[in-house]
Amino acid sequence: MIHNSFMLTALMLSTTLAVTRLNPGASCCNPMAQFARDPQFISSHLPPLIISFKPQVGRDVDFPDASGKPTHGFYVPASKGSKGAIVMVHEWWGLNDQIRREAEHLHSQTGYAFLAVDLYEGKSTRDPQEAGRLMGSVDVVRCTAIVRSAVDSLKNGRFGPKAAKVGTIGYCFGGGWSYQTAVAGGKRVDACVMYYGMPDTSPPALAHLSAPVLMIWGKKDKWINADVVSKFEVAMKRVHKPLQTIGYNADHAFANPSNPHYDVQASLEANRETLKFWRRHLG
């Protein structure tokens with residue numbers, strides 16, 4: 001039994017080290033996977049409303065991830081004279097028309113370029129059970145390679161002018177991965193906005209994080225709750241990393257207009273804070 005326990009521990013350690021070598025700064029776990037198995041979390045997500053969206057300025061793009069494997073996303077070019085760019089990560093529903101529409105909407109407010117990545121390999125859904133399966137089964141190494149390449153693509157001008165500064169944003173599953181993008185990007189990421197996503201307070205993640213973080217959350221959220229936020233604040237303060245947290249009297253996923261429980265007022269206020277945060281750090 002002791003021998004088997006030792007072998008299991010050694011295997012887990014070697015796996016963690018392998019992930020770190022392939023993706024410096026990457027967590028060895030899916031930050032939202034714990035919720036994929038929670039029936040209450042799944043049932044709390046009503047199927048999103050079907051929206052009608054036709055891109056006005058954005059387009060689908062293909063690019064290699066950091067390991068050279070093909071991936072794709074939705075790119076909105078920067079307005080003339082804008083030097084900022086944002087990596088956007090979708091909710092647990094996948095890269096759907098709501099995320100594409102939000103990329104264009106935020107572009108219209110900022111002029112920044114937006115690259116919405118696809119961490120579900122082309123899959124999206126309106127079924128909460130399927131969304132849970134997709135969220136719980138992502139390959140962390142692959143996802144980290146995708147978001148790292150997204151940062152590099154914007155900085156290097158793969159789709160348009162080179163971005164002088166890069167930020168991140170994401171929602172729910174994507175909120176956690178917005179943070180992981182900032183971790184993976186290190187000093188190449190200048191600002192991170194995470195909407196009700198799970199932060200990673202492991203020493204490797206905190207060590208590689210360079211960007212200031214804005215965490216937006218709902219005070220009625222049973223999962224990304226006050227305890228999660230408090231522990232994140234303590235962890236960031238301990239390593240002297242800048243963090244701003246703003247809570248609204250709203251539930252999880254309150255900022256998604258396709259959510260039947262969309263909170264208009266909280267969403268508008270959160271949007272103003274996001275824009276203010278980006279202007280301060282991205283220009």
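## Basis

Local features in this predicted model need pLDDT of at least 70, and side-chain atom pairs count only at pLDDT 80 or more, while totals for chains, interfaces and linings use all residues. Residues are numbered from 1 along each chain as its sequence is written, and side-chain values use heavy atoms, with hydrogens and water left out.

The largest pocket holds about 270 Å³ of space. Its lining has 19 residues, and the closest to the pocket centre are Glu102, His105, Ala255, Pro257 and Ser267. A pocket here is an open set of points on a 1 Å grid over the protein atoms alone, where a 1.4 Å probe fits, with protein on both sides within 12 Å along at least five of seven lines; lining residues have an atom within 4 Å of a point. Grid points are joined across faces, edges and corners, and the volume is the space filled by probe spheres set on the points. At least two lining residues of the largest pocket come from each of α4 (97-110), β5 (165-171) and α10 (264-282). Helix α4 gives the most, with seven residues. Helices (H or I, at least four residues) and strands (E, at least two) are DSSP runs numbered from the N terminus. By class, the lining of the largest pocket has nine nonpolar, seven polar and three charged residues. Ala, Val, Leu, Ile, Met, Phe, Trp, Tyr, Cys and Pro count as nonpolar, Asp, Glu, Lys and Arg as charged, and the others, Gly among them, as polar.

The second largest pocket holds about 230 Å³ of space. Of its 16 lining residues, Ser44, His45, His252, Asn259 and His261 are the closest to the centre. The lining of the second largest pocket has five nonpolar, eight polar and three charged residues.

## Helix α6

Helix α6 spans residues 140-156, 17 residues in total, and reaches 24 Å from its first C-alpha to its last. This is close to the 24 Å expected at 1.5 Å a residue, the expected span being 1.5 Å times one less than the number of residues. Of the 17 residues of α6, 14 are buried, so the helix is largely enclosed by the rest of the structure. Buried means under 20% relative accessible area, exposed over 50%, and partly exposed in between (1.4 Å probe, protein chains only).

At the start of α6, a side-chain oxygen of Asp139 comes to within 3.0 Å of the backbone nitrogen of Val141. Gly157 follows α6 and has a positive phi, near 75 degrees.

## Salt bridges

The model has eight salt bridges, each a side-chain nitrogen of Lys or Arg within 4 Å of a carboxyl oxygen of Asp or Glu. Arg142 pairs with Glu121, with the closest N and O atoms 2.7 Å apart. Arg142 lies in α6 and Glu121 in the loop between β4 (113-117) and α5 (128-136), so the pair ties together parts that are 21 residues apart in sequence. Arg142 is buried at 12% relative accessible area, whereas Glu121 is partly exposed at 44%.

Within α5, Glu130 and Arg133 are three residues apart, about one helical turn, and their closest N and O atoms are 3.0 Å apart in a salt bridge. Glu130 is partly exposed at 26%, as is Arg133 at 49%. In the bridge between Arg100 and Asp97, the closest N and O atoms are 3.8 Å apart. Arg100 is buried at 16% relative accessibility, and Asp97 is partly exposed at 29%.

Definitions and conventions
A polar contact is a pair of N or O atoms within 3.5 Å; within protein, one must be able to donate a hydrogen and the other to accept it, and residues adjacent in sequence count only if both atoms are side-chain atoms.
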